[in-house]
Amino acid sequence: MQRQRVVAVVTTTSVAASGRGSGYVVGPRLVLTSAHVTGPTGSPVEVFHPGHPQTYCGRVVWSGTPGGCDDAALVVIDDQAWRPPPGRAVCWGRTLTYRPGIPCESWGLPALVQREGRPADLLQPSGTLNPGDRYVGDRYVMAVTGTAPEAPMDGSSPWAGMSGAALFCGDLLAGVITADPAGRGHSHLEAVPAYVLHHDPAFRAVLGEHSAIEEREGVVLEPIEFQHLAEAADPAAVVVPGGIGVSPAGLLRARRQIVPFHGRQDVLARLNAWADLPGFGALLLHGVGGQGKTRLATHLAGQLAASGWGTLWLRPNASPADLAVIADTAAGLLVVIDYAESRTDQVTALLEAATRLESPCPLKVLLVARTAGSWWHSLKHASHTNGALLEHAPLIDLQALEQNPAERGHAYRQAALAFARALQQAPTLAGAGESWSALAAALPLPAALDAAQRGNALTLHMSALADLLDAATGATAVDGGHEAGWAEAAGVEDRLLEHEERYWRSAAVVFGLYDRTRDGLVLPQVLTDALAAAIALGAADHSQALALLARLPALAERSAVERRERVRDWLAALYPPTDPHQPWGTLQPDLVAERFIGRHLLTRPGLADRLTIGADTAQAVQLLTIYTRAAGHRVFASSLDAALTALCARQAAVLVPAAIEVAPQAERPAPLLDALQQMLNVPDLPHTTVQAWHDHLPQYSQVLAGWAVDLTTRLTTWHRDHQDLPNLAMSLNNLSAWLGDLGRREEALAAIEEAAGVYRELARTQPDAHLPNLAMSLNNLSVQLGKVGRREEALAAIEEAAAIYRKLARAHPDAHLPNLAGSLNNLSVQLGKVGRREEALAAIEEAAGVYRELARAHPDAHLPDLAGSLNNLSVQLGKVGRREEALAAIEEAAAIYRKLARAHPDAHLPDLAMSLNNLSVQLGEVGRREEALAAAEEAVAIRRGLAKARPAVYQAELERSLAVMEWLIRT
């Protein structure tokens, strides 16, 4: 809470119940206060800063009901003498759990600290709130810490004048103080929650109209209890003596929302429909860089805030262990994970928390990424929970926005005018003054509006901003000959970087790092190197930041400590961090940062080596991520590929593990794959290195599969040569899996046959150690035999695996019962394929029995398995003509799936539809036609909704359900 935003609010309007109260500045000229202080809309008021004599005229522009559930008001200060207070923008919040004792505070001007004849004084009460207090009445109740104040002799409240004060929980504005509730001895204060106010469209409209440019759209309610996990939307600029101006590229940050949102109505409709589903849901929004993914997510969050939802933009360095608290969510919450492809550990932890969610309120996880490649497949198969919650998660591939040239021209004009309004409010570049809007209006409509790359939203916005800045500064295009006013997509980032460098130079002058007379127009090399280091590798804390800067030649000397600290502070001033523990933020948007890194490393080829030495895993991953993306920019025409590959080879100890992690996430992984292959071909590569690389492999990756086969083959050869049988068997098992992923079935079968043979020999002499591995390899052998059509042998393998698991489960049920159930399920399938129906039925009956026992002890983990086995049991019972038992089994399966789908619709709605479809068939078989038709209609309704979102996946299933319904109607 910022003291400089606290004001007194005074009105002489006779209709106001109270003529004096407190307020808080929530916009450049907008004050939040209480309706019973100000009176109705249009009422004149005065405000002043406590301790200052100047008063300012204002008027009420929105008013709730005095004494009602929305007892709040917004006052606009239209006095020309008013100066908006400095500091970061106000962030709004709401409670999302029922955790008691949430710390809170306020600032106001209550009667208990006022003294006749003295200036108005302030009080800063603090305390706690329990979200459940006054829940039905939509109130927050602050239990004030310390001794309650005594009531004056006249019976009035000692808190009179506190009405209208802002209630803060941490950094979030949670509500407006409105009352001293009776019966609590003046020890509590009541507040109107922010979510009540934001539910009113008129309140949101006025708040947007009178807010700063970047606050006018999509103000969100951040979760109070989870704010330690949240990433700042747009960190406040560091105040530097003399000022450092404004980052031109920073105006393009998606979450600043400077350009008004438009279009994407079809995608928004899909997102809102997804959010409307009860319980948990995950969705992957992916598309190339600059397509507008983050902007779309920001707009969705703003729409959901109008319904009282909270939004958590999860910060990248939040510990996965800290995410367990999400399970306490008791109100609608949207969690956004940007760059999800590089944050899979966080996603997994969040999904685990979702399984413990007890509230029926929706919890939605929006994953934002550039690709939906092998990282997505690996994430879904990383754990049982991931598979259950992500298998049916919708995917939205965000395509180009501006398809029509006329629409692109209009969008370009709107973007230029929006940037002009933002620059008008910000520290401006020399020469523009008050003429930004006029410059924007005078810009000629660019040529080549039909160019394909103009469909990229960010490219269009960058072009509008670059044209505006060029016009203001008289700059010429630096795009190598492209037409002025609309450079090709390959050059607009470079034009923006020219303007960004002016920003860097002005800040360097303030920090004493740059002398215009000595250095001319070129920023000293050490500062551009420092920028490249900060952007390409980053730093987790201030100590690591100084160590990184010390790797630059000009800052390496011990005597340069003070200069390193000034460079660090300069970087933090240019790009403030979103986390207070980090030393600096980064250049945004990504396409501009990637262009800078690519251009700089192309001209400074030795810099990356110096920076890599001493880098930790996170820094290495960040370096390869941005370097790989930069190498894909068309302007470089693949000229960075060889340098990137060579860097990985030279710095293999640090960069090969990072390359294994980055390659599956990359849009264009070829340079990294080339480096991995080169390193694997080194003749005398130590076995320990090969093993370490193998340990870094993900469970699945189509991108890495070819290299993984070569790596695992080399490891297998080493274990065979050294007669290390246990590791040889495991390597062969892994090799079989990777070969299978590549479709090389015969080779995969040969590898798993050898693995099973080795495990059989090991289990003969050391059964306690190796019988589980033998069973595992036999299960995998059965799968591979089935894929090549050798069904009898596949059956024999799974029969032996099930027999071993039965023996193991008898001795250690906790460890091996799940494996026994899984093998019995597979055994049933293989028996069915060879026509042995009674035995197939017996196997699935036993599997269902085991899963029932497991689900009784661990329902979260095994209820889905039980439902799946009951579905399979119903099928087998139906095949042998036991219709009533088949019906009972599928009825139970459908009931379980209905319960699961209520909590996790994304994961289990498809399963519910499948079970309902099978239920309708079984009901039809026993002559219960009306019930059968009802089940079929429900299955069709569910599958119709699923097919609308993902036709390629669910259209065939919808058609099968329609066919069943038609059969029931016809018969």
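**Exercise A**

Work out how α24 and α25 are oriented to each other, roughly parallel or roughly antiparallel, then see who makes the contact.

*Solution.* A word on the model before the steps. It is a predicted one, where local features need pLDDT of at least 70, side-chain atom pairs count only at pLDDT 80 or more, and totals for chains, interfaces and linings use all residues. Residues are numbered from 1 along each chain as its sequence is written, and side-chain values use heavy atoms, with hydrogens and water left out.

Step one: find the helices. α24 covers 705-721, and α25 takes in residues 725-741. Helices (H or I, at least four residues) and strands (E, at least two) are DSSP runs, numbered from the N terminus.

Step two: get the geometry. Two packed helices are described by the angle between their axes and the distance between the axes. For α24 and α25, that's an angle of about 160 degrees, with the axes 9 Å apart. (Axes are lines fitted to C-alpha atoms, for helices over the stretch in contact, and angles run from 0 to 180 degrees between N-to-C directions.)

Step three: name it. Angles under 35 degrees count as roughly parallel, over 145 as roughly antiparallel, 65 to 115 as roughly perpendicular and the rest as oblique. So α24 and α25 are roughly antiparallel. Their crossing is left-handed, a label used if the near helix is turned anticlockwise from the far one by less than a right angle (clockwise makes it right-handed).

Step four: look at the contact, meaning heavy atoms within 4.5 Å. On α24 the contact residues are A705, A708, V709, T712, T713, L715, T716, H719 and R720, and on α25 they are N727, L728, S731, L732, N734, L735, W738 and L739. Sort the residues of this α24 and α25 contact and you get 9 nonpolar, 7 polar and 1 charged. (Ala, Val, Leu, Ile, Met, Phe, Trp, Tyr, Cys and Pro count as nonpolar, Asp, Glu, Lys and Arg as charged, and the others, Gly among them, as polar.)

Now do the next pair along: how do α25 and α26 run relative to each other?

*Solution.* Start with the numbers: the axes of α25 and α26 (residues 745-765) come within 8 Å and cross at roughly 155 degrees. That angle is why α25 and α26 count as roughly antiparallel. The crossing of α25 with α26 is left-handed.

Next, the residues. Among those that α25 brings are L725, P726, L728 and A729, and they meet a set in α26 that includes E747, A748, A751 and I752. The whole contact of α25 with α26 splits into 15 nonpolar, 3 polar and 2 charged.

**Exercise C**

Classify the way α14 and α17 are set against each other.

*Solution.* Step one: the axes of α14 (residues 525-536) and α17 (residues 590-603) come within 10 Å and cross at roughly 125 degrees. Step two: α14 and α17 are therefore oblique to each other. Step three: their crossing is left-handed. Step four: Q525, T528, D529, L531, A532, I535 and A536 of α14 touch A593, F596, I597 and H600 of α17.

While you're here, look at the loop between α16 (561-574) and α17, where P589 sits. A cis peptide bond joins Q588 and P589, with omega about -5 degrees.

**Exercise D**

Which residues of α22 are buried, and what covers them?

*Solution.* Buried means under 20% relative accessible area, exposed over 50%, and partly exposed in between (1.4 Å probe, protein chains only). In α22 (residues 670-680), the buried ones are P671, L672, A675, L676, M679 and L680. An α-helix has 3.6 residues a turn, so residues three or four places apart point the same way. The cover over the buried residues of α22 includes α19 (617-631), α20 (641-650), α21 (652-662), α23 (687-696) and α24.

**Exercise E**

*Solution.* W313 lies in strand β16 (residues 310-313).

T11 sits in the loop between β1 (6-10) and β2 (20-25). The T11 side chain reaches the backbone oxygen of P44 at 3.2 Å.

Notes. A polar contact is a pair of N or O atoms within 3.5 Å; within protein, one must be able to donate a hydrogen and the other to accept it, and residues adjacent in sequence count only if both atoms are side-chain atoms.
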